[in-house]
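Dear colleague,

I am passing on a structure that I would like you to look through before we talk.

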Amino acid sequence: YGVSKQLFDMYAIREKQSPPAWAGLKFFNVYGPWEFHKGRMASVVLHAYRQIKETGRVKLFRSHIAEYKDGEQMRDFITVNDVVDVCLHIGAQITQRDTNFTSGIYNLGTGQARSFNDLAMAIFRALHLSPQIEYIDTPADIRDKYQYYTQADMQKLRSAGYTKAFTNLEEGVQRYVDFLEANR
């Protein structure tokens, strides 16, 4: 997925016959309501929530490099509600032909990387449960490709006029867990 997305983004940037205004979005780790249909590709939040509900614990990958402790691998997690807000903002700028808007590829995360341990703790807290985390080996077939840190650079989106604060991980997870509990 990542390679095909990057190739398309590079094509879009080079394309000479483009609309007067356009935007491509690079989504970081999106989570939130109504992702049940995604199966294996659903968010880490949904998978961890299900593990905790079924077993009372969550499994996270052990670190295989010295720079990171187990569960301290980091991702930029963003709630789908924030993604929708950004899409509406950009869509409004394009349709209103905002002269300050620059066409291009935009990162869409929070700009704040958080650890998988943080994510797991937020889910346990939202469920009012004591944390039970088990660290397992990263599967050998992905271990050499595994990313230990991803964080969106949000400067371009902020320069395009998006000023709203992003939902922090604890609040976003609490809302999502509340949704999941109400819609089991």
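How are α2 and α4 oriented to each other? Before the answer, please keep in mind that this is a predicted model, in which local features need pLDDT of at least 70, side-chain atom pairs count only at pLDDT 80 or more, and totals for chains, interfaces and linings use all residues. Residues are numbered from 1 along each chain as its sequence is written, and side-chain values use heavy atoms, with hydrogens and water left out.

The helices α2 and α4 pack at an angle of about 50°, with axes 10 Å apart, and they are therefore oblique to each other. Helices here are DSSP runs of H or I with at least four residues, strands are runs of E with at least two, and both are numbered from the N terminus. Axes are lines fitted to C-alpha atoms, for helices over the stretch in contact, and angles run from 0 to 180 degrees between N-to-C directions; under 35 degrees counts as roughly parallel, over 145 as roughly antiparallel, 65 to 115 as roughly perpendicular, and the rest as oblique. In this pair, Val44, Val45, Ala48, Tyr49 and Ile52 of α2 meet Phe116, Leu119, Ile123 and Phe124 of α4, where contact means heavy atoms within 4.5 Å. The residues of this contact divide into nine nonpolar, no polar and no charged (Ala, Val, Leu, Ile, Met, Phe, Trp, Tyr, Cys and Pro count as nonpolar, Asp, Glu, Lys and Arg as charged, and the others, Gly among them, as polar).

Helix α7 (residues 169–182) has an axis that comes within 11 Å of that of α2, and the two cross at roughly 55°. In α2, Val45, Leu46, Tyr49 and Lys53 meet Val173, Tyr176, Val177, Leu180 and Glu181 in α7, and the residues of this contact comprise seven nonpolar, no polar and two charged. Helix α4 (residues 116–126) also packs with α7, at an angle of about 45° and with the axes 9 Å apart, and α4 and α7 are therefore oblique to each other.

Finally, please look at the lining of the largest pocket, to which α2 gives five residues, the largest share. Among the elements that each supply at least two residues are α1 (2–14) and β1 (23–27). The residues of this lining divide into 20 nonpolar, eight polar and seven charged.

With best wishes
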